[in-house]
Amino acid sequence: MRTHRTIRYRLHPNTQAKARKLHELAGACRFVWNHFVGVLKDEYVAYGKCDPHWYSLGPRFTRLRRQISWLQRYSANIVRLSLKPIETGYRQFWKGEGGLPKFHGRHTHAPSIPLAAGLFKIQGDWLHVQCIGQLKLSGNNPYPEGKPVSGTLRHECGKWYAYITYEVEIIALPSSIKAVGIDRNVGQVARSDGVLYYTPDMARLEARKRRYQRMMARRQKGNRKQGIQPSNRYLKAKQLHARTHRKIVQARTDWCHQVSREIADDYTLVYMEDLDTKAMTKSAKGTADNPGKNVKQKTSLNREIRGSSWSRLEQCLGYKSRVMKVNPAYTSWMCHACRHIDRKNRKTRAYHECVACGHRDHADVNAALNILAFGNGASGRGGGGGTRPVKRQTDTEVPH
């Protein structure tokens, strides 16, 4: 079975001329995107319909390119490829899953260049892009036998990066199944065998990020509709904020890769709770009929949940081992030893002490043991009908 994996490289233009070409090509992609987003929006508002299909936009782009002379200096195939997400955006809009495609601002959207098969070629540590030339790559490719099929060049925090998607062969999981339960909590992840992983401390970087946010709030942001450009001091604070945010993301991503690699080396099957993070982090203000209580405390909890990288850890585990979901009901209140369910079993956040049998254990480890039992189908008692694993549509039966 073959699938796709995306690898992130650092891109080195090496010369100012090539760096200028990358920015100009990204600007051409942004100009064409904004042009057709505006044209299609006007057609939809005026007539109630439009044709956003990429193959229909191709001839219209060719006519636009003939009318605007400076567009002819750049690769027509690459610039036309930037229109492909418009079709996806309109499909989601018609399904009611989002709004119309939005304009890309010069200071609000990271410059990017889409690539497809035939428009680029990788030879060793060099990337050849059509009409740009040779660009130096630095980074590690764990799939040397993979076939590059697509990619994207992005300018992030003053540096260029290349995201190359490879078509790779999936290694089949071993026939022997060794399962583990994982409980995700704010600040840590617990395994059913008693191992705890603590998330990296980002308090210092978060404080720096908030400081830059206050700097941005005091400076002229600009208004595109009124023709007001953002000030240079605002753009400088925004770049500092982006660099700090990038450090936080990289630290959390690195932690997720290391933890998932260690779990996948020890176990081939991972059971996790089927958590609805979006519902858990809803606005703390509530509604007019049901105003939220303890707004400040709920807002802080939402921030911690979003910073725990639950989804990223699940994604990293998904391609290193097999992940199955179980119903999260009563996993924290149930005693793993006697299956007694009571809120009083967890008097403190750190430890679980059963009021029925006296069993005492780390609260998250006890929850991880219950998740493992639910996944293996070993418990048919308690849980309010949530003792069976909740599988995704792509999951199949796993022998026990």
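Colleague: Why is Val249 called partly exposed?

Modeller: Val249 has a relative accessibility of 31%, and the terms are set so that buried means under 20% relative accessible area, exposed means over 50%, and partly exposed lies in between, with a 1.4 Å probe and protein chains only; Val249 therefore counts as partly exposed. Val249 is placed in helix α6, residues 232-266, and its C-alpha atom is separated by 9.4 Å from that of Ser309, 60 residues apart along the chain. This is a predicted model, in which local features need pLDDT of at least 70 and side-chain atom pairs count only at pLDDT 80 or more, while totals for chains, interfaces and linings use all residues. Residues are numbered from 1 along each chain as its sequence is written, and side-chain values use heavy atoms, with hydrogens and water left out.

Colleague: What makes α1 oblique to α2?

Modeller: Helix α1 (residues 16-47) and helix α2 (residues 54-67) pack at an angle of about 120°, and their axes are 12 Å apart. Angles under 35 degrees count as roughly parallel, over 145 as roughly antiparallel, 65 to 115 as roughly perpendicular and the rest as oblique, which makes α1 oblique to α2. The crossing of these two helices, α1 and α2, is right-handed.

Colleague: Which residues of α1 and α2 meet there?

Modeller: On the α1 side they are Val32, His35, Phe36, Val39, Leu40 and Glu43, and on the α2 side Leu57, Arg60, Phe61 and Leu64, where contact means heavy atoms within 4.5 Å. By class, the contact of α1 with α2 has 7 nonpolar, 1 polar and 2 charged residues.

Colleague: Why is strand β2 described as largely enclosed by the rest of the structure?

Modeller: Strand β2, residues 112-116, has 4 of its 5 residues buried, so it is largely enclosed by the rest of the structure. Helix α1 lies across β1, β2, β5, β6 and β7, and runs at about 85° to β2.

Colleague: How do you know that β2 and β6 pair?

Modeller: Two strands pair if DSSP finds at least two bridges between them, and β2 and strand β6 (residues 147-156) have 5 bridges in the antiparallel sense; one of the facing residues is Ala116, whose bridge partner in β6 is Ser150. Strand β6 is also joined by 9 bridges to strand β7 (residues 159-169), again antiparallel, with Gly151 standing opposite Ile164 in β7.

Colleague: Why do β2 and β3 count as edges?

Modeller: The open sheet has 7 strands in the order β2-β6-β7-β1-β5-β4-β3, with antiparallel pairing. Each of β2 and β3 (120-123) has a single partner strand, so one side of each is left without a neighbour in the sheet. From one strand to the next, the twist averages 30°.

Colleague: What is noted about the phi of Asn14, and is Asn14 buried or exposed?

Modeller: Asn14 has a phi near 75°, a positive value in a residue other than glycine, whereas most residues other than glycine have a negative phi. Asn14 is found in the loop between β1 (2-12) and α1, and with a relative accessible area of 54% Asn14 is exposed. Tyr330 also has a positive phi, of about 70°, although it is not a glycine; Tyr330 is partly exposed, with a relative accessible area of 35%.

Technical notes
Axes are lines fitted to C-alpha atoms, for helices over the stretch in contact, and angles run from 0 to 180 degrees between N-to-C directions. A crossing is left-handed if the near helix is turned anticlockwise from the far one by less than a right angle, and right-handed if clockwise. Ala, Val, Leu, Ile, Met, Phe, Trp, Tyr, Cys and Pro count as nonpolar, Asp, Glu, Lys and Arg as charged, and the others, Gly among them, as polar.
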